[in-house]
Amino acid sequence: MNVKRLNDMKSYAPIWLAWLMWGLVATLYLLGFFQRMAPAVMVEELMRDFNISGAVMGNLSATYFYAYAAMQIPSGLLVDRIGPRRLSTFACIVAAIGIFIFAWGPNLLYAYLGRFLIGASVAVAFVTCMKLAGHWFPTNRFAMVTGVALLFGNIGGVLAGVPLSEAVAGVGWRTAMAVSGALTLVTALVMWLVVRDDPGEYGFKSYAHASVLEQGNLPAGIALKSVIFRKDTWLLFFAGGLSASPVLVFAGLWGVPYLMQVYGLERAQAATITSTMLIAWAIGGPTLGSLSDRLGLRKKPYLFSTILTTLLWAIFLFIDVPYVLLYPLLAAIGFTSGALIIGFAFAREVNHPGASGAVGGVVNMSVLGIAAIMQPVLGKILDSHWDGVLINGARIYDSSAYSSAFVWFLVSSALS
């Protein structure tokens with residue numbers, strides 16, 4: 001189909017259709033975020049079933065992150081080459097296979113394999129969302145739409161909180177995971193039947209850059225080279241990863257056991273607090289992204305938000321915060337951390353329009369890559385401060401152990 005010729009003849013797609021196309025692809029991001037955060041409410045069960053330490057638990061959870069980070073650049077190049085529809089559909093199928101292996105695997109090796117396949121497959125979600133947004137939405141909405149992707153993801157994170165906690169308590173973690181795998185397969189089918197990469201395939205004009213419509217995307221090697229040799233790409237790479245990793249590590253793994261053991265909360269209560277952080281992160285992404293779009297500024301709102309995040313982490317670490325104030329404090333940390341979305345729009349604008357997939361892949365690699373490193377590192381710090389207490393086969397860490405580990409949240413945010 002000649003997309004350029006259709007662009008000369010047709011109007012832009014109705015906004016509902018644009019959101020439908022984008023939303024179906026973003027569902028994979030929601031499912032991926034759910035799987036990313038799921039271990040937080042299953043720490044005791046996983047440590048008991050597989051007879052593992054905190055460091056190994058951190059590595060098991062981080063296997064997802066390692067695979068996700070490693071796949072970011074290939075994902076960016078693949079989405080430029082075969083398009084969001086094919087890539088995201090195939091990814092859903094592989095993710096479902098990984099979930100079933102994780103859910104039904106008899107030993108730790110299978111658990112590692114399942115988490116690896118899940119992380120490697122859902123790694124394409126964010127870059128496919130950004131690629132599709134570039135075709136279905138105008139440029140001045142890109143940061144806002146990308147922020148809504150974070151909202152979608154965090155809905156998955158919230159579902160991995162209290163709802164999953166209740167499901168684990170009711171039917172066990174293996175059955176709960178298997179059900180999520182079945183839903184992922186259904187998503188793959190709907191995505192393949194409905195999603196199209198460009199409005200031209202439905203007879204509408206495209207918002208893609210004229211050079212992309214006329215000449216196509218840059219060849220993979222040239223695109224990657226143009227992205228990685230630009231200094232701003234790497235500044236935004238580290239800014240985003242160092243900003244996001246504290247939220248991902250706290251809400252995605254160690255926050256729930258910390259709140260249970262230090263504050264004496266039930267798992268559902270602790271999951272509610274970490275879910276509050278994720279909800280605020282979800283709101284902060286599109287809100288701060290939209291503000292950046294309206295102001296026509298990228299650096300200042302990004303920098304100001306990250307400074308606030310650093311100050312809030314300092315309050316969390318060095319002030320004895322009462323239980324009731326944890327909700328607003330962690331919500332504020334989540335909201336201001338949502339500014340990382342501005343970095344994706346920023347990176348896209350300082351690079352060649354024909355390398356948009358590669359840009360998304362490179363910058364997003366840090367978000368999960370740094371979190372992947374931080375999870376087991378914090379697990380090792382916790383193990384080094386462990387006083388030998390076990391409950392139902394799971395290691396119990398005291399408040400001083402968590403304080404020693406969580407200081408890295410402040411360091412990470414300050415570096416960002």
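The questions and answers below concern a predicted model.

Reader: Is Asn-51 buried or exposed?

Author: Asn-51 is found in the loop between helix 3 and helix 4 (54–70). Its relative accessibility is 69%. Exposed means over 50%, so Asn-51 counts as exposed.

Reader: Which residue follows helix 3, and what is its phi?

Author: Helix 3 spans residues 43–50. The residue that follows helix 3 is Asn-51. Asn-51 is not a glycine, yet its phi is positive, at about 55°.

Reader: Which residues are buried in helix 3?

Author: Buried means under 20% relative accessible area. In helix 3, the residues that are buried are Val-43, Glu-45, Leu-46, Met-47 and Phe-50.

Reader: Which helices each supply at least two residues of the lining of the second largest pocket?

Author: The second largest pocket has a volume of about 300 Å³. Its lining includes Asp-232, Leu-235, Lys-299 and Tyr-302. The helices that each supply at least two residues of this lining are helix 14 (231–262) and helix 16.

Reader: How do the residues of the lining of that second largest pocket divide into nonpolar, polar and charged?

Author: Among the lining residues are Leu-236, Ala-239, Leu-303, Thr-306, Phe-346 and Ser-416. The lining divides into six nonpolar, two polar and two charged.

Reader: What accessible area does the nonpolar patch that includes Leu-311 have together?

Author: Leu-311 lies in helix 16 (residues 299–318). Leu-311 is exposed, with a relative accessible area of 51%. Leu-303, Phe-304, Ile-307 and Leu-308 form the surface patch with Leu-311, and together the accessible area is about 480 Å².

Key. Residues numbered from 1 in each chain as written. Predicted model: local features only at pLDDT ≥ 70, side-chain atom pairs only at ≥ 80, totals over all residues. Heavy atoms only, no water. Patch = residues over 30% accessible without salt bridge, like charges linked within 9 Å, V, L, I, M, F, W, Y side chains within 5 Å. Areas by Shrake-Rupley, 256 points an atom, 1.4 Å probe, with all protein chains shown as cover. Salt bridge = Lys/Arg side-chain N within 4 Å of Asp/Glu carboxyl O. Helix = DSSP H or I, 4+ residues; strand = E, 2+ residues; numbered from the N terminus. Buried < 20%, exposed > 50% of the residue type's maximum accessible area, 1.4 Å probe, protein only. 1 Å grid on protein atoms, 1.4 Å probe; cavity = no way out; pocket = protein on both sides within 12 Å on 5 of 7 lines; lining within 4 Å. Points joined across faces, edges and corners; volume = space filled by probe spheres on them. Nonpolar A, V, L, I, M, F, W, Y, C, P; charged D, E, K, R; others polar.
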